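Have the sequence and the model open side by side.

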Amino acid sequence: MGKVIAVANQKGGVGKTTTAVSLSACLAYLNHKVLLVDIDPQGNATSGVGIEKADMDQCVYNVLVEDLEAKYVKVPTMVENLDAIPATIQLAGAEIELVPTISREVRLKKAIDSVKDEYDYVIIDCPPSLGLLTINALTASDTVLIPVQCEYYALEGLSQLLNTVRLVQKHLNKQLMIEGVLLTMLDARTNLGIQVIDEVKKYFQDKVYGSVIPRNVRLGEAPSHGQPIILYDPKSRGAEVYLELAKEVMTNGQRVR
Ligand SMILES: Nc1ncnc2c1ncn2[C@@H]1O[C@H](COP(=O)(O)OP(=O)(O)OP(=O)(O)O)[C@@H](O)[C@H]1O
Ligand SMILES: [Mg+2]
């Protein structure tokens, strides 16, 4: 049965989507069956794996709001072993439309539960908020992976995220655990990055991955080509480190089991 991992941090632009897309593609490259679920109305993960949003008649919106079965919305991607449930701008209305509906927090969980037997990993790319979409992702997940950007205010806002995780654990999903904390966009030329790594490690200790994602031009370019880094430039430092991360996530899973 597939392990479900939400990639979440309500802070914008910290590398959630880059991580969700790159990790999914690297796990698929390592011969795992992977489903990437985009629940951000920006749809960046969707276009990041080469799916043309304008061509989509249906997306995760129809699953969440209209109870369409997930099997009708998931599509293969250009990466072997990697399927995706896309998001389009239509999803922007879901947060409000879901408010008065029954079991509004468990809709994504129901959808993912119906297909997760087909996969080894299901990776969910969350929007930069702690609203109903992210709550749905945390409720559907076994674990949450938190990207933290190596910058001055790195830890700011994380207590809110951890508080939301605790609330979900208490009321909606007792099993939810922290998968790991991933340091992203490290600029190795500055001391600041090193200081932030120390600070985050002090706080999260062994939850911090050994793989630290560097700031890498090729990682920044890949989305505009609609290709995950492992296809766009497999020899780049970005691809190498995301592949290392995928291996860490795989061994982490073995440790938990
Ligand atoms: N390691 C990196 N090196 C260079 N550029 C990166 C790196 N990681 C992410 N980027 C770029 O930084 C921007 C923000 O990254 P990304 O979209 O992954 O963040 P996000 O947390 O998903 O943002 P949002 O909160 O808007 O969803 C993007 O333009 C992305 O291409
Ligand atoms: Mg994003």
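Begin at a hairpin. Strands S3 and S4 form it, with five residues between them. In that turn, Asn81 has a positive phi of about 75°. The model is predicted, so values here are computed from it.

S3 covers residues 75-76. Two bridges join S3 to S4, and the two strands run antiparallel. One pairing to find is Pro76, which stands opposite Asp83 in S4.

Now take the other neighbour of S4. Strand S2 (residues 34-38) is joined to S4 by four bridges, and this pair runs parallel. Val34 stands opposite Leu82 in S4. Leu35 has Asp83 as its bridge partner in S4. In general, strands of a sheet pair through backbone hydrogen bonds, either parallel or antiparallel.

Which way do the residues of S4 point? Leu82 and Ala84 point one way from the strand, while Asp83 and Ile85 point the other way. All four are buried.

Next comes helix H1, residues 16-29. H1 is mostly covered: 14 of its 14 residues are buried. Just after H1, Asn31 takes a positive phi of about 75°.

How many residues surround ligand 1? There are 19. The closest are Lys16, Thr17, Thr18, Pro128 and Gly220. H1 and helix H9 (217-221) are the elements that give two or more residues to this shell. The largest share, three residues, comes from H1. By type, the shell divides into six nonpolar, 10 polar and three charged residues.

Turn to the nonpolar interior. In soluble globular proteins, nonpolar side chains tend to be buried together. Here the largest nonpolar core has 81 residues. Leu36, Val60, Ile123, Ile124 and Ala137 touch the most other members. H1 gives the largest share of this core, eight residues.

Leaving aside its neighbours within four places in sequence, Val60 is in contact with Val37, Asp38, Ile39, Val73, Ile85, Pro86, Ala87 and Leu91. Ile85 in that list is one of the buried residues of S4.

Finish at Ile135, in helix H6 (residues 132-140). Is Ile135 buried or exposed? It is buried, because 24 other C-beta atoms lie within 10 Å, where 20 or more are enough. Beyond its neighbours within four places in sequence, Ile135 is in contact with Glu105 and Val168. Gly226 is 91 residues from Ile135 along the chain, and their C-alpha atoms are separated by 28 Å.

How values were computed
Residues numbered from 1 in each chain as written. Chains lettered and ligands numbered in written order. Predicted model: local features only at pLDDT ≥ 70, side-chain atom pairs only at ≥ 80, totals over all residues. Expected span 1.5 Å × (residues − 1). Buried ≥ 20, exposed ≤ 12 C-beta atoms within 10 Å, placed from the backbone. Near = placed C-beta within 6 Å. Nonpolar A, V, L, I, M, F, W, Y, C, P; charged D, E, K, R; others polar. Contact = placed C-beta atoms within 7 Å. Core = buried A, V, L, I, M, F, W, Y, C linked by C-beta atoms within 7 Å. Pairing = 2+ DSSP bridges.
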